[in-house]
Amino acid sequence: MNELRAIYTIWKRESIRYVRDKARIFSTLLQPLMFLVIFGAGLGSTLNKGNFGIDFIKFMYPGIIAMNVMGIAFFSTISTVWDREFGFLKEILVAPISRTSIVMGKIFGAVTVASIQALLLLVLAPFIGIQLHILIIFKLFLFMILLALAIAGLGLLIATLMKTTESFGIIMQVLIFPMFFLSGAFFPLTNVPLWMTVLSRFNPLTYGVDGMRQIILNGIPVELAKKLFLYPVPINILVLLGFSAVMISLATVAFNKRS
């Protein structure tokens, strides 16, 4: 019972911290809007219905959602570094709870914040010609949670190994954009060089984008689907679950050793 209470308390603290940071909420909502407007208008006029057969903004929309999940989940785990720097982590560690509870509370907090805020982006769907019903929203939310879980596990692993927020920020910047551009958010990964194919397979964002794209673009012709989609939806789910399990396990081991 103490372990569940500890997980809940840490989860609640992470959620409240995010809700109170208005500037952070605004910036994380503004960034995907900028990508949709700038890239959608700039590249859309060149690529619309030429190479894709569908509107480019519709093609890019799942990638924007995935980018939002990734960014928030990553930076939500920076609280681990802050807590270590300012001594709050020591206060938690002396409590009669396991370190695994601390890890799970941190991860659940990051997942909650990332998936709920990404869900807000679905409000944009009607404005870009995408019709969403309850079942589609539910499926998308499932992928948001799975992707957030995978990224939060990776983020917490890195945060556990970092000593300062500055070093964490640098590592995040190095990772975020390569992961985003190698996820298939802007172009299909079905006809790219071998090295890009290999790298994309190790990228959890790839499976989140692919899964959400199939859900949103469900019903397109089979021939077009072969050009745009990578793996069956169940495969995407299994890979995200597997990646999450590995990252969370490694983060727990690293946290136990470093704390």
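Five aromatic pairs are present in the structure, which is a predicted model. One of them joins Phe177 and Phe181, whose rings are stacked, with a centre-to-centre distance of 6.2 Å and an angle of 25° between the planes. Both residues belong to helix 8, where a separation of four residues places them about one turn of the helix apart. Phe177 is partly exposed because its relative accessibility is 35%, and Phe181 is likewise classed as partly exposed, at 36% relative accessible area. A further pair is formed by Phe180 and Phe186; the ring centres are 5.2 Å apart and the planes meet at 75°, so this pair is edge-to-face. Phe180 and Phe186 are both buried. Through ring pairs, Phe177, Phe180, Phe181 and Phe186 are linked into a cluster.

An aromatic ring also takes part in an arrangement with a charged side chain. Arg213 is positioned over the face of Phe59, at a distance of 3.7 Å from the ring centre.

With regard to overall architecture, the protein contains twelve helices and zero strands. The order of elements from the N terminus is accordingly α-α-α-α-α-α-α-α-α-α-α-α. The protein has 259 residues, of which 50% count as buried. When contacts between residues at least 6 apart in sequence are considered, 80% of them join residues at least 24 apart.

With residues up to four places away in sequence left out, Tyr61 is in contact with Leu36, Leu121, Leu122, Leu124, Ala125, Ile128, Ile130 and Ile216.

A polar atom of the Ser115 side chain lies 2.6 Å from the backbone oxygen of Val111. The Ser115 side chain also reaches the backbone oxygen of Thr112, at 3.4 Å. Apart from residues up to four places away in sequence, Ser115 touches Phe141, Met144 and Ile145.

Asn203 is found in a loop, between helix 9 (194-201) and helix 10. With a relative accessible area of 5%, Asn203 is therefore buried. Its contacts, again not counting residues up to four places away in sequence, are with Met179, Leu182 and Ser183.

Technical notes
Residues numbered from 1 in each chain as written. Predicted model: local features only at pLDDT ≥ 70, side-chain atom pairs only at ≥ 80, totals over all residues. Heavy atoms only, no water. Contact = heavy atoms within 4.5 Å. Polar contact = N/O pair within 3.5 Å; in protein donor to acceptor, adjacent residues only side chain to side chain. Phe/Tyr/Trp six-rings, centres within 6.5 Å; stacked < 30°, edge-to-face > 60°. Helix = DSSP H or I, 4+ residues; strand = E, 2+ residues; numbered from the N terminus. Buried < 20%, exposed > 50% of the residue type's maximum accessible area, 1.4 Å probe, protein only. Lys NZ or Arg CZ within 6 Å of the ring centre and 35° of its normal.
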